[in-house]
Amino acid sequence: MRSAVTSGSGRNAVSTLGILSFAHMHAASYAEALRGLPNARLAGLWDADGARAAAMAERFGSQIFETPEALLESGLDGVIVCAENV
């Protein structure tokens with residue numbers, strides 16, 4: 001069974017997370033909240049809009065993945081899905 005924690009142990013453990021799309025209006029606030037957590041790291045993101053992906057990766061110091069599948073298969077501990085409301 002894969003551990004939900006990738007580095008450190010106990011209270012010092014850090015979970016790596018990704019965000020799948022920044023299309024939802026709250027996505028940036030979720031990323032900002034992750035940045036404030038000592039035990040979480042935004043390790044990657046994907047967005048269908050390449051310019052938005054680049055802007056968010058630069059803003060949050062994260063890696064852009066070319067496809068949603070690549071993000072999901074990258075070994076992250078979790079993913080936040082921020083689908084657009086339509």
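The legends below describe several close-up views of one predicted protein model.

In this predicted model, local features are reported only at pLDDT of at least 70 and side-chain atom pairs only at pLDDT 80 or more, whereas totals for chains, interfaces and linings use all residues. Residues are numbered from 1 along each chain as its sequence is written, and side-chain values use heavy atoms, with hydrogens and water left out.

View 1. The protein holds three helices and four strands, where helices (H or I, at least four residues) and strands (E, at least two) are DSSP runs numbered from the N terminus. Read from the N terminus on, these elements follow the order β-α-β-α-β-α-β. Of the 86 residues of the protein, 36% count as buried, a word that here means under 20% relative accessible area, while exposed means over 50% and partly exposed lies in between (1.4 Å probe, protein chains only).

View 2. Helix α2 spans residues 50-60, and within it Ala53, Met56, Ala57 and Phe60 are buried. Seen down the axis of α2, the buried residues fall within an arc of 100°, so they line one face of the helix; the arc is that of the directions from the helix axis to the C-beta atoms. The face turned away from this buried side carries Ala51 and Glu58, which are exposed. The buried residues of α2 pack against α1 (27-35), β2 (40-46) and β3 (63-64).

View 3. At the N-terminal end, Asp49 caps α2, with a side-chain oxygen lying 3.0 Å from the backbone nitrogen of Ala51. Just after the helix, Gly61 takes a positive phi of about 60°.

**View 4. The nonpolar cores.** A nonpolar core is a set of buried Ala, Val, Leu, Ile, Met, Phe, Trp, Tyr and Cys residues joined through side-chain atoms within 4.5 Å. The largest such core has 15 residues, and those with the most contacts inside it are Ile19, Phe22, Ala31, Leu42, Leu45, Met56 and Phe60. At least two residues of this core are supplied by each of β1 (15-20), α1, β2 and α2. Leaving aside residues up to four places away in sequence, Ala31 touches Ile19, Phe22, Leu42 and Phe60, a contact being heavy atoms within 4.5 Å. In soluble globular proteins, nonpolar side chains tend to be buried together.

View 5. A salt bridge is a side-chain nitrogen of Lys or Arg within 4 Å of a carboxyl oxygen of Asp or Glu, and a search of the whole structure finds three. Arg35 and Glu32 meet in one of them (2.8 Å, N to O), and both residues lie in helix α1, three residues apart, about one turn of the helix. Glu32 also forms a salt bridge with Arg59, whose closest N and O atoms are 4.0 Å apart. Glu32 lies in helix α1 and Arg59 in helix α2, so this pair ties together parts that are 27 residues apart in sequence.

**View 6. The salt bridge of Asp47 and Arg52.** The closest N and O atoms of Asp47 and Arg52 are 2.8 Å apart in their salt bridge. Asp47 counts as buried, at 6% relative accessibility, whereas Arg52, at 29%, counts as partly exposed.

Key:
Polar contact = N/O pair within 3.5 Å; in protein donor to acceptor, adjacent residues only side chain to side chain.
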